[in-house]
Amino acid sequence: MPSASEVVSIIKTHRITHVRLYDADSHMLKALADSGIEVTVGVTNEEVLGIGESASAAAAWVNKNVASYVPSTNITAIAVGSEVLTSIPHAAPILVTAMNNLHKALVASNLNFQVKVSSPQSLDIIPEPFPPSTAAFNSSPNSTVYQLLQFLNNTNSYFMLNAYPYYGYTNGNGIFPIDYALFKPLPSVKQIVDPNTLFHYNSMFDAMVDATYYSMDALNFSGIPIVVTETGWPWQGGPNEPDATVENAGTFINYLIRRVSNDSGPPSRPNIPINTYIYELFNEDKRPGPVSEKNWGVLYTNGTAVFPLSLSGSSQIMGNATTVFCVAKDDASEGKLQDGLNWACGQGQANCSVIQSGQPCYLPNNTKNHASYAYNDYYQRMHTVGATCDFGGTATITSNDPSKYDKFSHRYQS
């Protein structure tokens, strides 16, 4: 994995403005300081019980993982657990107590207006999400879901939903066409219509979000917005996972970005945008389970995209021709830079002829600039086959083009 600072460089290069962490990793939170990037930090499932049982544990968690980083790190939410109601149901009775304890700790630190508390839930808490208009939580009025909604309503927070059309399609036994799961336009005869409202659903994603709104309506909570805290599509699978392909993943992610960038909501809430986090930035190769579980990352660890990717919603495509450069770190030692330069020009087969005396890139004549040229030449030719920008810890990724170096002012021009 890249270092925390390299991850932040990659995030900036791809113009990502919001990130969700599954924990409160101190290296990442420090690296995100002064970036302006909005950060959701996570209470892990292992931490939920302790925070639910002890208000002082909640206060200590907020002090350590939120208060000590804001305002320089722009933390705006705490996600309490991951799919607690379905993945660790034994913790369900204490979930809302944990959320209340964290909220009270934020109030005590005067951070409750900046930082919202919520808890990402799987769509599995809705047994029958289609048709959306009749969807309902698997719950009773005094249930955890009801308490959760009461808490979100009282604190002006939002419902965090993990919505996966990939699973809706692959577990749906062919009920829905794959184009519906991938946001592709459907011919009129195949359009998906809710028989009760006659709303047309152009995508399974919209139907999943609306099913959650209708489920909240059924418990008389109608003012809580939904943020999708996870959605994505795996780009590689095992022999029995034929739909996990690079083509399908690229189609889903790029259509998703286009869909949520138009700021409209699903049919029942057309004026409430569906803010959405893409799962996920990098693959998790140690994840147990089928092959697809390991292959949801949209970027390789060297910062390039697995498939052509337009993360800003604009027409700019960040594919393997992405504008990421590999340069020497400012604080790298002279000796280590020389080692890196020797490797790049030797074994790495970088084209180092242009940094020789009298050649176009010789000046300024110092090890750092020569190393930056050699590192980047190697990286640009080799990153598509998995080469990284490391060179013994002396290199980092940047969006500033090192070839645009003005040797008179000695400044990089981005």
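Hi everyone. Let me begin with a term: when I say polar contact, I mean a pair of N or O atoms within 3.5 Å, where within protein one of them must be able to donate a hydrogen and the other to accept it. Please also keep in mind that what you see above is a predicted model.

Four residues from domain 1 and six residues from domain 2 take part in the contact.

What the domains do have is buried area: about 380 Å² between domain 1 and domain 2, with 50% of it on carbon and sulfur atoms. On the domain 1 side, Glu-6, Ser-9 and Thr-13 supply 80% of the area buried against domain 2, more than any other three residues.

Now for salt bridges within the structure as a whole. Side chains of opposite charge can pair when their charged atoms come close. The search of the whole structure turns up six salt bridges, and I'd like to walk you through some of them.

Take Arg-20 and Glu-230, whose side chains meet in a salt bridge at 3.2 Å, N to O. Arg-20 sits in strand S1 (residues 18-20) and Glu-230 in strand S9, so this pair ties together parts that are 210 residues apart in sequence. Is Arg-20 buried or exposed? Arg-20 is buried, and Glu-230 is buried too.

Next come Asp-217 and Arg-269, with a salt bridge of 2.7 Å, N to O. This pair links distant parts of the chain, 52 residues apart: Asp-217 belongs to helix H10 (residues 204-218), and Arg-269 to the loop between H11 and S10. Here the two partners fall into separate classes. Asp-217 is partly exposed, with a relative accessible area of 26%, while Arg-269 has 12% and is buried.

Asp-330 is in the loop between S11 and helix H12 (334-345), and Lys-368 is in helix H13, 38 residues apart. Asp-330 counts as exposed at 69% relative accessibility, and Lys-368 as partly exposed at 23%. There is also a network: Glu-284, Arg-287 and Glu-293 are joined by salt bridges that share partners.

Let me stay with Glu-293 for a moment. You'll find Glu-293 in the loop between strand S10 (276-278) and strand S11 (325-328). Why does Glu-293 count as buried? Its relative accessibility is 17%, and buried means under 20%. The side chain of Glu-293 makes a polar contact of 2.8 Å with that of Tyr-167, and another of 2.8 Å with that of Arg-287. Leaving out residues up to four places away in sequence, Glu-293 touches Tyr-167, Arg-287 and Pro-288.

Tyr-167 leads us to the aromatic residues. One aromatic cluster has Tyr-167 among its members, along with Tyr-22, Tyr-164, Tyr-166, Phe-183, Phe-205, Trp-233, Phe-252, Tyr-279 and Trp-296. The structure's aromatic pairs come to 21. One of them is Trp-233 with Phe-252, a tilted pair at 5.5 Å centre to centre and 35 degrees between the planes. Trp-233 is in the loop between strand S9 (226-231) and helix H11 (246-261), and Phe-252 is in helix H11, 19 residues apart. Both Trp-233 and Phe-252 are buried.

For a stacked example, look at Tyr-375 and Phe-391: their ring centres are 3.9 Å apart and their planes are at 0 degrees, so the pair is stacked. Tyr-375 lies in helix H13 (residues 367-382) and Phe-391 in the loop between H13 and strand S12 (395-398), 16 residues apart. Tyr-375 and Phe-391 are both buried.

Last stop, and still in helix H13: His-370. His-370 is buried, with a relative accessible area of 9%. Which residues does His-370 touch, not counting those up to four places away in sequence? They are Leu-341, Ile-355, Cys-361, Tyr-362, Pro-364 and Asn-365.

Definitions and conventions: Residues are numbered from 1 along each chain as its sequence is written. This is a predicted model: local features need pLDDT of at least 70, side-chain atom pairs count only at pLDDT 80 or more; totals for chains, interfaces and linings use all residues. Side-chain values use heavy atoms; hydrogens and water are left out. Rings of Phe, Tyr and Trp (its six-membered ring) pair if their centres lie within 6.5 Å; planes under 30 degrees apart count as stacked, over 60 as edge-to-face and the rest as tilted. Helices (H or I, at least four residues) and strands (E, at least two) are DSSP runs, numbered from the N terminus. Buried means under 20% relative accessible area, exposed over 50%, partly exposed in between (1.4 Å probe, protein chains only). Contact means heavy atoms within 4.5 Å. Buried area is the accessible area (1.4 Å probe) that two parts lose on being put together, summed over both. A salt bridge is a side-chain nitrogen of Lys or Arg within 4 Å of a carboxyl oxygen of Asp or Glu.
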